[in-house]
Protein chains: 2
Amino acid sequence: MSFNKNISLAVIKRLPRYYRYLGDILDDGITRISSKEISQRMDITASQIRQDLNNFGCFGQQGYGYNTELLYGEIKKILGLEKQYSMIIVGAGNIGQALANYINFQKRGFNFIALFDANPKLIGLTVRGIEIYDVDKLAKYLSNIPVDIAVLAIPKNAAHDVAQILIDGGVKGIWNFSNIDIKTPDDVKVENVHLTDSLMTLSYKLNEQEILSRLNRPAH
Amino acid sequence: MSFNKNISLAVIKRLPRYYRYLGDILDDGITRISSKEISQRMDITASQIRQDLNNFGCFGQQGYGYNTELLYGEIKKILGLEKQYSMIIVGAGNIGQALANYINFQKRGFNFIALFDANPKLIGLTVRGIEIYDVDKLAKYLSNIPVDIAVLAIPKNAAHDVAQILIDGGVKGIWNFSNIDIKTPDDVKVENVHLTDSLMTLSYKLNEQEILSRLNRPAH
């Protein structure tokens, strides 16, 4: 049974932005704020903001707006940031090590407990005190230690097999940096960070006018 | 004059995926393919695929489908991947260095020519032969050497100022890894990779059912 259809992905993708901006607003010492004021900072219409937040039962008060701290706390709950998550990184290459070194994740409750790699030169080394294990030991590791989230940062040709090991091992969230789409059962959530796709999107934007004018698309 | 309104961002975001899948289809030795067959691989409806590609004048033939190689080449052009881009990375920390080490970008025409950082310990070092310069020299560097794309991988408190230097220096594309939204003029394109937002989106997905059931949202 899934509630997914209730909240659109577009709304979900905006939640971290709300959380980020409300954090800044709190830092600015603003204790109450209207959807209009949030709108001016975030480049989202006030009505869109009210709609988004109403989805989660966060209602502003007419003529008062939102209590910044309460709203911030609510969105923190909605994003599941009151919990702690155990995380592993599969693929101790550049991106994997960069993520392991990024302490801000830990501050927010995302705790890296192990890295895995196939490269014998890396196995046994540590990154910020986190050991790199042989990826052949991944299944056994998961059978002993519960892991909430796995970062997938390996070449695409190995991604499907490793993803299956993660799924079989009870991992419920996969943060996928491998430049390939992986299929998972409904109860295993995936968030993709396809860096090459992202860079290509940027190069498209750089060339869009030239491309569209070549196609004789009318200007707006 | 902007053509942006012509093609929705959703379509644009799918283009790199089409390119990626068509590359795999070519590797599989498939010389012609129908939108239906692409659809089965990509989890997008065939009509959506035809619509997306028609936007760019890529029409399949009734009963024949698409010539894989021609379509792949067209999308490569549309994504601006026939050109070479000069790139710099501002912020030679974990992510900045990871990106500098990622040679696949170079293979696709994205050429890193310099890194910049404020940390004296890093200045003068090289990553994959690419020198790390003092960020104070960024403006002068840009006045001498044309840069197409800059990667912004610095703490959010410095992002706005550095972005302004990049814009003043004639950089036309900013690949933004700093966890803050930056404003640019219409002719300077931005693509955001907000890793913390992405991880929070995943933690939301992990908790969605619990959250929505707490809010007594009906199941579908």
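Here are a few friendly notes on one helix contact and some salt bridges in this predicted model.

1. Let's start in chain B, where helix α1 (residues 9-27) meets helix α3 (residues 46-54): their axes come within 11 Å and cross at roughly 100°. The two helices, α1(B) and α3(B), are therefore roughly perpendicular to each other. On the α1(B) side the contact is made by B:Val11, B:Arg14 and B:Tyr18, and on the α3(B) side by B:Gln48, B:Ile49, B:Asp52 and B:Leu53. By type, the residues of this contact divide into four nonpolar, one polar and two charged.

2. Next, the charges: over all chains, the whole structure holds 22 salt bridges. One of them pairs A:Lys156 with B:Asp24, with the closest N and O atoms 3.2 Å apart. This pair crosses between chains, running from helix α8 (residues 156-168) of chain A to helix α1 of chain B. A:Lys156 is partly exposed at a relative accessible area of 34%, and B:Asp24 is partly exposed at 23%.

3. A:Asp181 is buried, because its relative accessible area of 16% falls under the 20% cut-off. Salt bridges that share partners also join A:Arg17, A:Arg20, B:Asp181 and B:Asp197 into one network.

4. Finally, a pair within chain A: A:Asp187 and A:Lys172 form a salt bridge, with their closest N and O atoms 3.1 Å apart. This pair links distant parts of the chain, 15 residues apart. A:Asp187 counts as partly exposed at 43% relative accessibility, and A:Lys172 is partly exposed at 35%.

Terms used
Residues are numbered from 1 along each chain as its sequence is written. Chains are lettered from A and ligands numbered from 1 in the order in which they are written. This is a predicted model: local features need pLDDT of at least 70, side-chain atom pairs count only at pLDDT 80 or more; totals for chains, interfaces and linings use all residues. Side-chain values use heavy atoms; hydrogens and water are left out. Axes are lines fitted to C-alpha atoms, for helices over the stretch in contact, and angles run from 0 to 180 degrees between N-to-C directions. Helices (H or I, at least four residues) and strands (E, at least two) are DSSP runs, numbered from the N terminus. Angles under 35 degrees count as roughly parallel, over 145 as roughly antiparallel, 65 to 115 as roughly perpendicular and the rest as oblique. Contact means heavy atoms within 4.5 Å. Ala, Val, Leu, Ile, Met, Phe, Trp, Tyr, Cys and Pro count as nonpolar, Asp, Glu, Lys and Arg as charged, and the others, Gly among them, as polar. A salt bridge is a side-chain nitrogen of Lys or Arg within 4 Å of a carboxyl oxygen of Asp or Glu. Buried means under 20% relative accessible area, exposed over 50%, partly exposed in between (1.4 Å probe, protein chains only).
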